[in-house]
Amino acid sequence: MTVRVRLFAGAAEAIGQDEVTLADVTTLGDLVSRLVADFGSGVAPVLDRCSFLVDGVRAADAETRVMGTVDVLPPFAGG
């Protein structure tokens, strides 16, 4: 399955792109591992602080099935 990954702020900066497409990933853990493998170990600390939305629904479990679109969001401050 192909997954569209949209990256925002620090995640986009770390990856060097604001969107990537990944094939052959089935879980959130697979997706994170693949991003680190494809773009270098320096992205791991950034991804550790990010939140993930899988088709618009927050996902935190590495075993969450991914499909469609995954948004990678940095921590937000403000109020």
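Predicted model: local features only at pLDDT ≥ 70, side-chain atom pairs only at ≥ 80, totals over all residues.
How do E3 and E5 pair, and over how many bridges? They pair in the antiparallel sense, over four bridges.

Residues are numbered from 1 along each chain as its sequence is written, and side-chain values use heavy atoms, with hydrogens and water left out.

Two strands count as paired if DSSP finds at least two bridges between them.

Okay, the sheet. Five strands make an open sheet with mixed pairing, and the order is E2-E1-E5-E3-E4. The edges are strand E2 (19-23) and strand E4 (57-59), each with a single partner strand, so one side of each has no neighbour in the sheet. From one strand to the next, the twist averages 30°; axes here are lines fitted to C-alpha atoms, for helices over the stretch in contact, and angles run from 0 to 180 degrees between N-to-C directions.

Now walk along it. Strand E1 (residues 2-7) and strand E5 (residues 69-73) run parallel, joined by four bridges. Opposite Val-5 you'll find Val-70 in E5. Then helix H2 (residues 28-39) packs on the sheet and touches E1, E2, strand E3 (51-54), E4 and E5. Contact there means heavy atoms within 4.5 Å. The direction of H2 makes about 115° with that of E2.

Let's go back to E3. In a regular strand the side chains alternate between the two faces of the sheet. For E3, the covered face has Phe-52 and Val-54, and the uncovered one has Ser-51 and Leu-53. Val-54 is a handy one to click on: its bridge partner in E5 is Val-70, and it stands opposite Val-57 in E4. E3 and E4 are also antiparallel, over three bridges, and they form a hairpin with two residues between them.

Next up, charges. How many salt bridges does the structure hold? Three, where a salt bridge is a side-chain nitrogen of Lys or Arg within 4 Å of a carboxyl oxygen of Asp or Glu. For accessibility, buried means under 20% relative accessible area, exposed over 50%, and partly exposed in between (1.4 Å probe, protein chains only).

Arg-4 is partly exposed at 34%, and Glu-19 is partly exposed at 34%.

Then there's Arg-6 with Asp-71, where the closest N and O atoms are 2.6 Å apart. Here the chain separation is 65 residues, from Arg-6 in strand E1 to Asp-71 in strand E5. Is Asp-71 buried or exposed? Buried, at 8% relative accessible area, whereas Arg-6 is partly exposed at 28%.

And the other one sits in the helix: Asp-38 and Arg-34 both lie in H2, four residues apart, about one turn. Their closest N and O atoms are 3.0 Å apart. Asp-38 is partly exposed at 43%, and Arg-34 is partly exposed at 28%.

That's my tour, thanks.
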